[in-house]
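Subject: A structure for you to look at

Hello,

Here is the structure I promised to pass on.

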Amino acid sequence: MEQLGKLKSLLSKQEKEKVQILAVSVDTHEESKKFGDMLSKRFDGEFDFPLLEDKDHKVINRYGVFNPDGKGWPHPSTFIVDPKGVVRWKFIEVDYKKRPSNPQIRRELAKIK
């Protein structure tokens, strides 16, 4: 999620108007709030997108990112969904250390008109 905070700070004003960043986690609302507060301090308030609770795995299962070895945590994933709700690009990785680069995400965002 730290990467998403960095990505948001790299987007232009025009790009921010076209994009909504959301994070989905199995954490409780309180745990997500604490984590978001910590990241807001780390990024000087730039971490300003919602952290959504999915303790019942409804979104995680629907997007096929449930990690049976992850104690309930999903596989690290990034999805780009267009305004009509169509997944236009996805990055799913078993290794939590591997994430798409911000330039890679921005290239994919630029493809959506």
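A word on terms before the findings: a residue is called buried under 20% relative accessible area, exposed over 50%, and partly exposed in between, using a 1.4 Å probe and protein chains only. On that scale Tyr63, at 32% relative accessibility, counts as partly exposed.

This is a predicted model, so local features need pLDDT of at least 70 and side-chain atom pairs count only at pLDDT 80 or more, while totals for chains, interfaces and linings use all residues. Residues are numbered from 1 along each chain as its sequence is written, and side-chain values use heavy atoms, with hydrogens and water left out.

**Overall picture**

The protein has five helices and four strands, and along the sequence they follow the pattern α-α-β-α-β-α-β-β-α. Here helices (H or I, at least four residues) and strands (E, at least two) are DSSP runs, numbered from the N terminus. Of the 113 residues, 33% count as buried. The protein exposes about 8000 Å², with carbon and sulfur atoms supplying 51% of it; accessible areas come from the Shrake-Rupley method with a 1.4 Å probe, and for residues only the protein chains shown count as cover. Taking contact to mean heavy atoms within 4.5 Å, residues 24 or more positions apart account for 51% of the contacts with a separation of 6 or more.

Strands β3 (residues 77–81) and β4 (residues 87–92) run antiparallel and are joined by five bridges; two strands pair if DSSP finds at least two bridges between them. They form a hairpin with five residues between them, and Gly85 in the turn has a positive phi of about 90 degrees. Val81 has Val87 in β4 as its bridge partner. Thr78 and Ile80 make up the covered face of β3, whereas Ser77, Phe79 and Val81 are on the uncovered one.

Phe79 also takes part in a ring pair. Rings of Phe, Tyr and Trp (its six-membered ring) pair if their centres lie within 6.5 Å; planes under 30 degrees apart count as stacked, over 60 as edge-to-face and the rest as tilted. By this rule the count comes to two aromatic pairs. In one of them, the ring centres of Tyr63 and Phe79 are 4.8 Å apart and the planes are at 65 degrees, so the pair is edge-to-face. The pair links distant parts of the chain, with Tyr63 in the loop between α4 (58–62) and β3, and Phe79 in strand β3, 16 residues apart. Phe79 is partly exposed, at 24% relative accessibility.

**A nonpolar surface patch**

Tyr63 and Val81 turn up again in a nonpolar patch on the surface, together with Leu22, Val24, Leu52, Val59 and Val87; their accessible area is about 480 Å² together. Patches are made of residues with over 30% relative accessible area and no salt bridge: like charges are joined within 9 Å, nonpolar side chains (Val, Leu, Ile, Met, Phe, Trp, Tyr) within 5 Å. Val24 lies in strand β1 (residues 23–25) and is partly exposed, at 33% relative accessibility.

**Salt bridges**

The structure holds four salt bridges, each a side-chain nitrogen of Lys or Arg within 4 Å of a carboxyl oxygen of Asp or Glu.

- Lys33 and Asp37 meet at 3.6 Å, N to O. They are four residues apart in helix α3 (residues 29–42), and therefore separated by about one helical turn.
- Asp82 and Arg88 have their closest N and O atoms 3.6 Å apart. Asp82 is buried at 12% relative accessibility, while Arg88 is partly exposed at 43%.
- Lys111 and Glu108 have their closest N and O atoms 3.2 Å apart. Lys111 is exposed at 51%, whereas Glu108 is buried at 15%.

Glu108 lies in helix α5 (residues 102–110). Leaving aside its neighbours within four places in sequence, Glu108 is in contact with Ile80 and Trp89.

**Two histidines**

His75 is in the loop between α4 and β3 and is buried, with a relative accessible area of 15%. Beyond its neighbours within four places in sequence, His75 is in contact with Val65, Phe66, Asn67, Ile92, Glu93 and Val94.

His57 lies in the loop between β2 (51–53) and α4, and is buried, with a relative accessible area of 15%. Most residues other than glycine have a negative phi. Phi of His57, however, is positive, near 65 degrees.

Best wishes
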